[in-house]
Amino acid sequence: MKRLLILVDDQLIANFYREKFQALGIAVDFARTADAAVQLATNRSPDLALIDPVLPPGTGIDLVTQLREAMQGKPVVVFTHAPDPVARLVKQAGVTRIVPRSENHGEAVVSEVQALLGLGGSLANFSDEDREAWVSAMLEGAPEAINEARVSMHAFIKEPQNCDLLFDLFRQVHHLSERTSLVGLNAVYKMTVAIETFLYDLYAMPEQVNPSVIRTMSQSIDFLATLLDEKTARLVKDPSTSDVLVVEDESETRKLIASAMEMVNLKITCAAESEMAMSILEDNPFDLVFLDINLPQTSGFDICTQVRQLEDHKTTPIVFLTGLTTFQNRAKSALSGGNDFIAKPFNVLELGVKALTWVFRNRLQLV
């Protein structure tokens, strides 16, 4: 009998893989900590180690080196959707394989392990009925998982210089990202993975943390509770068909915003001045508008008021881009019909998370 060692710090993910691999006749050992994994690898002689490198207190890169030694040349596979910087590091550390992201990630991982262990035959049960059972289990556990993320978030807000608290929040969202991918909730996964990547970027470069970033972080974590509602999670559609209009006169800022939208797979149209923007809006519906406050000739507040008079855009989310998030600007934003704002200079990943949050809210008619 083949033996598999799985290192993952999330019980639902552990249960998912236990069921799949045991159904294939594979003996499974689990570890929740790096030390336990190395000990099991030494004592139980598994044929393959399947690991999530996102473990406290860091990315688990040292673990990969230790496991490779304990595994004595047997495969070490990373199954998780770790952010790109983590994936690059574990690759450098010498893992055998990083299973690429896919819409049916659980199935891809099981298939990869079967191939590496030299096991033929059909995959474990991935029927529609089986998938639905795991979707129900994931959604049932979502409120508790989100509550844990909120606890971590509020702890970090109280101590914004404490990177360990930020990493803990990242890890909580990472687990949600992995869960939604496993069960095929691909639209929700796009939101969770955007937040996960954003949080890891902040952890890697904590000097980026500012009031605007914390506000976006808080908004997105709270919105996950809505997105992972029992009915909403099943019905929400892929946001990649959404159209975003950016009204901004600075070309470099437009390029930056375009990069942010590309990262989260949103389509973008740009306008450099108010007349062009209004002409575009009169002829085309949009799911979101980013609007610079300080445009030449006409202020963003005035444009926002005009946009709200268009039938197709009475409730379209409008997010102001501003270098000054003063109380006065916030008040004007609300009075002119704006929904939100983001401070310049902005974090590109923050902008992507902000965009997805409002696109989803618009799609769900929560604006």
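This is a tour of a predicted model, from the whole chain down to single residues.

Because the model is predicted, local features need pLDDT of at least 70 and side-chain atom pairs count only at pLDDT 80 or more, while totals for chains, interfaces and linings use all residues. Residues are numbered from 1 along each chain as its sequence is written, and side-chain values use heavy atoms, with hydrogens and water left out.

**Whole chain**

Start with the chain in cartoon view. It has 15 helices and 10 strands; these are DSSP runs (helices H or I, at least four residues; strands E, at least two), numbered from the N terminus. The radius of gyration is 23 Å, close to the 21 Å that the globule rule gives for 367 residues, so the chain is as compact as a globular protein of that length. That radius is taken over C-alpha atoms, and the rule is 2.2 Å times the number of residues to the power 0.38. Along the principal axes, the C-alpha atoms fill a box of roughly 75 × 45 × 35 Å.

Switch to a surface. The chain exposes about 16,100 Å², 49% of it supplied by carbon and sulfur atoms; accessible areas come from the Shrake-Rupley method with a 1.4 Å probe, and for residues only the protein chains shown count as cover. Of the 367 residues, 53% are buried. Buried means under 20% relative accessible area, exposed over 50%, and partly exposed in between (1.4 Å probe, protein chains only).

Now colour by charge. There are 33 positive and 48 negative side chains, and the centres of the two sets lie 3 Å apart. Lys and Arg count as positive and Asp and Glu as negative, with His and the chain ends not counted; each charge is placed at NZ of Lys, CZ of Arg, CG of Asp or CD of Glu.

**Aromatic rings**

Next, show the Phe, Tyr and Trp side chains. Rings (for Trp, the six-membered one) pair if their centres lie within 6.5 Å; planes under 30 degrees apart count as stacked, over 60 as edge-to-face and the rest as tilted. The count comes to 11 aromatic pairs. Select Tyr-17 and Phe-79: the ring centres are 5.3 Å apart and the planes stand at 65°, so the pair is edge-to-face. This pair links distant parts of the chain, 62 residues apart, with Tyr-17 in helix H1 (residues 11–23) and Phe-79 in the loop between strand S4 (76–78) and helix H4 (84–92). Both Tyr-17 and Phe-79 are buried.

Move to helix H8 (residues 186–204), where Tyr-200 and Tyr-203 lie 3 residues apart, about one turn of the helix. Their rings form a tilted pair, 5.9 Å centre to centre with 45° between the planes. Tyr-200 is buried, at 8% relative accessible area.

Select Phe-290 in strand S8 (residues 288–292). Phe-290 is buried, with a relative accessible area of 0%. Contact means heavy atoms within 4.5 Å. Leaving aside neighbours within four places in sequence, the contacts of Phe-290 include Val-244, Ile-257, Met-261, Val-319, Leu-321 and Leu-351.

Then go to Ile-318 in strand S9 (residues 318–322). Ile-318 is buried too, at 1% relative accessible area. With neighbours within four places again left aside, Ile-318 is in contact with residues including Val-289, Leu-291, Cys-304 and Asn-339.

Finally, pick Phe-30 in strand S2 (residues 27–31). Phe-30 is partly exposed, at 22% relative accessibility. Not counting residues up to four places away, Phe-30 touches Ile-6, Val-8, Ala-14, Arg-18 and Leu-40. A distance drawn from Phe-30 to Val-244 gives 44 Å, C-alpha to C-alpha, across 214 residues of sequence.

**Backbone stops**

Most residues other than glycine have a negative phi, and most peptide bonds are trans. Select Lys-344 and Pro-345, which are joined by a cis peptide bond with omega about -10°. Pro-345 sits in the loop between strand S10 (340–343) and helix H15 (348–363).

Gln-72, not a glycine, has a positive phi of about 50°. Gln-72 lies in the loop between helix H3 (61–71) and S4, and is exposed at 68% relative accessibility.

The last stop is Gln-365, in the segment after H15. Gln-365 has a positive phi near 60° and is exposed, with a relative accessible area of 72%.
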